[in-house]
Amino acid sequence: MKHLIFSKRHLFFLSIVLIQVMTHAWANSVVWSCSRSEPKQTIFEGIRAFHIEKLTVKDEDTISITLMDLYAAYGGEVIQMGKTKLSVCRLPAHDPLQVNALELLGYNSDDLLKASKRSTSSLIEIPSMHEMHKCLSENHPAIGFFQNVVENERIAPCF
Amino acid sequence: MVQTHLNPLPSTTERVVHLCRLLLVWGIYNAASAHAAPWHLESAGPNTPPASIETAAMTPGSHAITVAVIDSGVIAEHPALKGVLLPGFDMVAGSRNSRGERSPNFAPDPKDATCRQKLVSASFRTHGTEVASLIAGNGYDNMWGVNPRAQILPVRIFNTCGMLLEDMIDAIRWSSGLPVAGVPNNPHPAKIINISITGGVLSCRTDLQKTIDAARRAGTFVVAAAGNNFQRPLAEPANCEGVISVGALSAENKIENYSALDARTTIYTTGGGPTLRVSQPWANNKLRVATTELNMVGNEQLVVADKGIGTSFAAPVVSGFLSLWLSYNPQLKPQDWESQLDFFVRQVPRLEKCADCNPRGLVASDLTIRRSK
């Protein structure tokens with residue numbers, strides 16, 4: 001059947017459109033995740049990208065942040081991405097997962113609450129992890145976290 | 001009635017004594033502020049951070065050592081790098097270079113530069129400048145590098161569009177004095193190459209490994225950041241044979257949780273991290289770097305700030321240390337480092353997640369530097 005024959009390019013796009021939730025999870029850890037812009041054919045050039053302080057981001061459409069940005073963003077500082085502000089998706093400050101994520105950065109719930117009150121803060125509170133994917137997708141450029149690696153057309157691990 | 005008590009006028013002797021006291025206080029203050037080393041370099045003492053490399057009081061040897069910084073470019077105007085930069089090169093290939101072609105202009109992309117849809121945070125722009133300052137900062141505003149007499153060779157391979165492996169390979173070749181097609185020869189071959197970049201694949205590709213082997217044969221030390229992948233294995237170029245891979249420690253000599261975790265990591269040193277809940281002056285746990293900040297009206301200012309976090313900043317501490325060691329004897333080779341590494345290490349607590357890791361932290365003293373001469 002002719003319509004089921006895909007070119008390599010089609011297969012490539014299909015592979016990134018399919019949501020791949022890898023099973024590898026880290027106990028007591030989180031995977032910092034970054035949003036991606038809408039995939040466009042023109043920006044894929046088969047680039048095997050390297051990034052400063054980053055790794056394994058294969059496509060040009062994923063935002064690039066540094067580790068310093070991650071610390072600063074959850075501390076309530078504004079991170080500029082070109083002329084756009086980076087959004088930060090977060091759970092309620094006392095949610096155990098959020099507390100765990102904060103501990104990785106050396107923060108606690110009070111720090112997060114304080115950061116959220118800053119007038120310039122880009123922290124967006126979501127009620128549960130079910131909303132994380134939506135938050136990242138709808139607020140591009142944005143960062144957040146998952147318990148597992150999530151890599152699809154809208155999200156990829158940051159580091 | 002208001003009583004007033006008038007002090008008698010001081011005698012000339014008292015005035016002289018007072019003036020001397022003022023001068024003494026001023027002198028002490030000035031000396032302290034002029035030579036205050038960043039915490040990660042502090043000499044051994046009761047209040048020294050446990051992870052300090054203890055080089056602050058060391059005088060570099062008579063040889064100026066060239067260290068290539070393969071990175072996002074360097075802001076040559078930064079006062080903390082005045083007098084330490086050599087003519088570098090922009091190795092970003094033409095198709096991805098907003099300036100159109102490779103050239104000797106090693107400055108980073110302009111502020112707010114974009115690459116089609118790609119969004120990159122502003123901190124990438126200053127990355128190379130920050131790295132260079134940790135190696136050879138000249139002391140401006142207390143921005144001391146490990147070896148202020150080292151010479152920095154800036155080589156740009158990363159811009160808003162990201163980076164290509166081919167550019168990294170050409171940059172390593174050029175930095176170590178090997179020929180690169182279409183690029184003028186490097187008149188200042190580097191003894192040390194610092195690559196605070198990671199993100200290739202989990203096994204070192206053949207072309208990259210061959211390039212590193214060639215650089216080593218030319219006598220060049222290749223130092224690479226282990227990566228900030230939160231305790232996952234090393235990626236390129238840190239996982240290539242012969243590369244000195246550098247993980248990050250807190251000021252308290254503990255492996256930072258963002259650092260890659262891999263038994264192949266050569267050495268650990270201060271990389272900064274979360275603020276420590278201690279009362280010591282190094283509680284901030286960030287590395288001092290030459291960088292930029294925006295003023296009230298959004299203009300970029302060249303500043304020095306305690307904000308460095310990441311293995312990107314641990315690697316130049318090792319590169320700076322190597323340059324200090326080589327400044328006494330520039331004939332030393334990468335193999336000498338490997339055979340004498342035990343002189344330069346202290347034990348670092350292991351992490352349960354890596355049972356076969358034997359983490360070692362960088363430390364020096366006059367004694368260890370001289371024993372290795």
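Residues are numbered from 1 along each chain as its sequence is written, and chains are lettered from A in the order in which they are written. Because the model is predicted, local features need pLDDT of at least 70 and side-chain atom pairs count only at pLDDT 80 or more, whereas totals for chains, interfaces and linings use all residues.

View 1. Helix α2(A) spans residues 67-74; helices (H or I, at least four residues) and strands (E, at least two) are DSSP runs, numbered from the N terminus. Eight of its eight residues are buried, so the helix is largely enclosed by the rest of the structure, a residue being buried if 20 or more other C-beta atoms, placed from the backbone, lie within 10 Å of its own, exposed if 12 or fewer, and partly exposed in between. Among these buried residues are Leu67(A), Met68(A), Asp69(A) and Tyr74(A). They pack against β2, β5, α3, α4 and β7 of chain A together with β9 (300-308) of chain B. Just after the helix, Gly76(A) takes a positive phi of about 95°.

**View 2. The open sheet of chain A.** Five strands are arranged in the order β6-β5-β7-β2-β9, with mixed pairing; two strands pair if DSSP finds at least two bridges between them. The edges are formed by β6 (123-125) and β9 (155-157), each with a single partner strand, so one side of each is left without a neighbour in the sheet. On average, and with direction ignored, neighbouring strands are turned by 30° against each other. Three bridges join β5(A) and β6(A) in the parallel sense, and Arg90(A) stands opposite Glu125(A) in β6(A).

**View 3. Packing of helices α2 and α5 in chain B.** Helix α2(B), residues 127-136, and helix α5(B), residues 311-326, pack at an angle of about 35° with their axes 7 Å apart; axes are lines fitted to C-alpha atoms, for helices over the stretch in contact, and angles run from 0 to 180 degrees between N-to-C directions. Residues of α2(B) including His127(B), Val131(B) and Leu134(B) meet residues of α5(B) including Phe313(B), Pro316(B) and Gly320(B), where two residues are in contact if their C-beta atoms, placed from the backbone, lie within 7 Å. By class, this contact has seven nonpolar, five polar and one charged residues; Ala, Val, Leu, Ile, Met, Phe, Trp, Tyr, Cys and Pro count as nonpolar, Asp, Glu, Lys and Arg as charged, and the others, Gly among them, as polar.

**View 4. Ile75 in a loop of chain B.** Ile75(B) is found in the loop between β1 (66-71) and β2 (89-90) of chain B, and with 25 C-beta neighbours inside 10 Å it counts as buried. Leaving aside neighbours within four places in sequence, Ile75(B) is in contact with Ala107(B), Pro108(B), Thr129(B) and Leu302(B).

**View 5. The β8-β9 hairpin of chain B.** Strand β8(B), residues 287-294, runs antiparallel to β9(B) and is joined to it by eight bridges. Leu294(B) has Glu300(B) in β9(B) as its bridge partner. Five residues lie between the two strands of this hairpin, and Gly298(B) in the turn has a positive phi of about 85°.

**View 6. Where chain B touches chain A.** In this model, 39 residues of chain B are in contact with 37 residues of chain A. On the chain B side, the touching residues divide into 16 nonpolar, 19 polar and four charged.
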